[in-house]
Amino acid sequence: MTVQILWCGDSTLTGAVRDMTTPPYNFKLTDVNEFKVCTDLLNAHFGEGTVESLSIAQGGTNCIDWRYGNNERGMPDFGALMYQHQLAKIVAVGLGINCAYNPNISVNDFVNAHAHYADMARQWGKTPVFTTPCPISTPQNGRLWQFQDAMKNMARAKGVLVIDHYVAITSATPFWAEHLPVDGFHPDEDIYRFKGNASYLALRDVVKGLMPV
């Protein structure tokens, strides 16, 4: 049996990093991203092929895009995504940074969207998991803290697992801002590796619980 994990999120889930070799330091994708590091560790633990990850993350997206869909991006609403990916057993959602930058999105919008994700995932027989974003070294970090903190409170009440990257990074990495080159919110590979390892540790028991006895 293969346990499929569906990953939904923004550019910090796609593995976008700044190419620091040549100005203007444009984006490139790295294989050292959260979902690949996590998947490799899970397969090393349970056996190759036990876990399959499918990332449908899109850069620049926010919680409204994922809840209601975005026609310009070809994104259906979240319920339709659950229907399209019926093989997925775990749905991991990682959002927040673009929401904090958007003045039209409130904390309540963010929390309500995540409550909707949890309800839809469970309706389709999937296990929802939320990941908080890494902190950002821009003025929007205070707003981002409010978003992720309120979401965690809601998730706790609904019994949804949260992988708390925000707190873990600020606690374990004193100079975390140095790992956000150029723009202050796209991390380097060290942070992606840190997030991938944290997701592995959090999802290991979830995967085990979905495997046949």
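A crossover is right-handed if, with the strands pointing away from the viewer, the path from the first strand over the helix to the second runs clockwise. In this predicted model, strand S6, helix H7 (residues 141-158) and strand S7 make a right-handed β-α-β unit. Helices (H or I, at least four residues) and strands (E, at least two) are DSSP runs, numbered from the N terminus.

**Strand S6 and its partners**
- Two strands pair if DSSP finds at least two bridges between them.
- S6 covers residues 127-131, and three bridges join S6 to S7 (residues 161-163), the two running parallel.
- Along that pairing, Phe130 stands opposite Val162 in S7.
- S6 also runs parallel to strand S5 (residues 88-94), with five bridges joining them.
- Here Ala92 stands opposite Val129 in S6, and Ile90 stands opposite Thr127.

**Strand S5 and strand S1**
- S5 also pairs in the parallel sense with strand S1 (residues 3-9), over six bridges.
- One of these contacts links Gln4 to its bridge partner in S5, Ala88.

**How covered the strands are**
- Buried means under 20% relative accessible area, exposed over 50%, and partly exposed in between (1.4 Å probe, protein chains only).
- S6 is mostly covered, with four of its five residues buried.
- S5 is mostly covered too, with six of its seven residues buried.

**Reading the model**
- Residues are numbered from 1 along each chain as its sequence is written, and side-chain values use heavy atoms, leaving out hydrogens and water.
- Local features need pLDDT of at least 70 and side-chain atom pairs count only at pLDDT 80 or more, while totals for chains, interfaces and linings use all residues.
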